[in-house]
Structure formats: C-alpha cells, structure tokens
Amino acid sequence: MTPMMPRTIFTPEHEEYRRQVRRFFEEEVMPHHARWEDQQHVDRSIWNRAGELGHLCMTMPEEYGGSGVDRLFSVVQMEEQCRVGASGIGFSLHDDIVANYINNFGTEEQKKKYLPKMASGEMVGAIAMTEPGTGSDLQAVKTTAISRGDHYVLNGSKIFITNGYLSDLVVVVAKTGPASGGAESISLLLVETNSPGFTKGSPLKKVGMKAQDTCELFFNNVVVPKENLLGPEGGGFFMLMKELPWERLIIAVCSVAGAEAALEETLKYTRDRTVFGKPVASFQNSRFKMAELKTKVQIGQTFVDRCMELVLEDKLGVDTAAMAKWWCTDMADEVINECVQLHGGYGYMLEYPIARMYVDARASRIYGGTNEIMKELIARQL
C-alpha cells in the first residue's frame, strides 16, 4: 500500500526502537499467540522476556527500572503490537496506566518497591475499576475499604479486569468513605494478589481478544496496609480523571494502527484473489471502497498524532481524548468490517487475520468508557 502522509512526531531513535520491538512481536510473540488464545492467557514467561529486553515501563525514570524515554516510545510499541494482531499482550495497561499511577501519585517507598519489579516483568500490573453492576459510572462502585487502625479491610469484587489472571499487583478502586458517598469517598489501593482473601476467577470467555487474561477479582476481608494507599484518601476519583484521557488515547492509537493493518492485509488479499478472471482489487467497487477506507485511516492517524503532541506538552484535554477514543474506535470497526466484506467468505474464517481483527476490535468501543459516555463528555464542553 502506498504510504500514508509522512508522520513528523517520531525521531530516528523512535524508528530504531520500532525495528527492535517489531522483531520481538514477530519472532517471540506471534508464533505462540494461537496457543495462548486456546489457554485464554499468555505465558507468564513472555512478561519476563519483555522485561529482560527493556520493553516494559520504558517511560518510567531510570532510578525505578525504566529508561526515562518519552511516551512516543510507548506509542511505537502499541502500533507494532496492533500491526501483528497480538491482542493477548497487556503491556500498555501495565506500562502506561498502572505504572503511571504509581509514578505520578505514589510515595517514594511505593515507587521503589513496585516499579523496578514491574519493569523487569517480575510483577504484572492491573487496575480494577469495573464491577458487575457498575460500568462507566465510577462514583457508584460498591467495593469498600474500611479503615482499621494501620490497615484497611477490603471487600467486594471487580469484573473484566485486563491482566487480572496473571496479575501480581492491582490498583483497586474502592470506597474508603461512606458507601453511599460519591467521588469524595473513592480511593486507590495498591493490593498484592498473594494477600489472604484475594482470589481470581478463571479467564472470561470473550468473543475476541481471547489470549488476553481478562477475569473477575474477589476481595474477602483482604488486609491492605495503610502504606499501600495510593495518593490521598478520598482522592481516587481525581486521580482517575487525570489519567483517563491518556488511557483513552491509547485505545485510539491502537484502533488506528489496527485499522491500517486491516487495510494493508485486505489490499494484499484483493490483489491475489481473482473473480471472473480479474483480481478483486481491480473492480471499481473495491478500489473506491479502499480509497474511502484509506482516507478515514489517514484522518484518524493525523488526529491521533496531534493528540500525541498535546500529550507531550501535558495539554491533552478530557474532551479531546474522548473525541479520539470515540471516533477512532468507530472508524476502526467500520474499516475492519468493510475489509471482511472485501475478503468474501474467507473473511469470516478465523484462520485469516482479518477475521481475528474483526472480533478483537469490537470491544474497543466499550472499554475505557463506552463511546456513548465519550459523547457525553464532549457534549459537556460545548
């Protein structure tokens, strides 16, 4: 496929890293991905291997085991992961969400204790927000952490937790104030999964992203030391709101990269596949359709790159991130759906990459806040 518009946000160092991480995903991840889909989680060893190669927590300061690089290195990693369809790997949540919470809001002791282990792959991180009866409305969580002297007693459950099954450390959203309270009652706790009373459900059977270890978490009188409170008590909602724009942009980055990969795959297929003695790509409908799809992917890429510039300047707004998340995930679903159609019957066969892209992409319009919630956030700024 003819290259998209030149991108100006990356340096030669970023592109050199792209070559390194591309090799990692192609040679050390994808040969195992089908097996991981069958077992519903990746091998624990791939986390250690990624840490050994320096692919984890790159943006964390060097004194905590990271490389101290900018977030564009994370973007490169996400794009390469999505390019090959490695949907089972939960690095971005571990690196760019969980580690960020600890680095941005944690004490010096918390950073020294957890970040180096996350950077090495010794500990896998997850964040537990969603509950069985609570989705995007974080103020309505029912998990409680009752103060008892020098510790909290944690009770409740969480669902749809990415990295949950293999997790060693979880940032848990819980109410430390009145159960009936709103934002001012919410706190964040760093909970080690080997704590008595902490149990994990089996990996959930999902439509797509089958190698990603999504599961339920249960807390039954889990004792959490007060020193594991992340940030101030009652400050959890503020911290969540501060970090969620970046999380939503991550989803947009991955959606654009996935859409571009789907288009590339479809162009190859339609050039090779013949109908009535002619390549599918030679028919006007195919050419016009792919022209439309390429244009939409390019528009998404341009917007996401501008959002990344705002991230580097610490100026990405809640509404702008919501726009990126909503529009790019909808766009990716549309592009991949059309690419399935251009594959004909083979597009519905899971042995073809486009079919796996189709089932993997659908959840992006739901997690990180549904696209309907994104529109509500944008509308509030009108």
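S74 sits in helix 3, which covers residues 71–84 (helices, H or I, of at least four residues and strands, E, of at least two are DSSP runs, numbered from the N terminus). The model is a predicted one, in which local features need pLDDT of at least 70 and side-chain atom pairs count only at pLDDT 80 or more, while totals for chains, interfaces and linings use all residues. Residues are numbered from 1 along each chain as its sequence is written, and side-chain values use heavy atoms, leaving out hydrogens and water.

With a relative accessibility of 4%, S74 counts as buried (buried means under 20% relative accessible area, exposed over 50% and partly exposed in between, with a 1.4 Å probe and protein chains only). Setting aside residues up to four places away in sequence, S74 touches M58, T59 and D96 (contact means heavy atoms within 4.5 Å). L138 is 64 residues from S74 along the chain, and 27 Å separates their C-alpha atoms.

From its first C-alpha to its last, helix 3 reaches 21 Å, close to the 20 Å expected at 1.5 Å a residue (the expected span is 1.5 Å times one less than the number of residues). Just after helix 3 comes G85, with a positive phi of about 80°.

Now for the loops. S167 lies between strand 3 (151–161) and strand 4 (169–175), and at 1% relative accessible area it is buried. Apart from neighbours within four places in sequence, S167 is in contact with V124, A126, T193 and K200.

Y346 belongs to the loop between helix 8 (318–343) and helix 9 (353–361). Y346 is partly exposed, at 40% relative accessible area. Together with Y348 and M349, Y346 makes up a nonpolar surface patch of about 360 Å² accessible area. Accessible areas come from the Shrake-Rupley method with a 1.4 Å probe, and for residues only the protein chains shown count as cover. Patches are made of residues with over 30% relative accessible area and no salt bridge, joining like charges within 9 Å and nonpolar side chains (Val, Leu, Ile, Met, Phe, Trp, Tyr) within 5 Å; a salt bridge is a side-chain nitrogen of Lys or Arg within 4 Å of a carboxyl oxygen of Asp or Glu.
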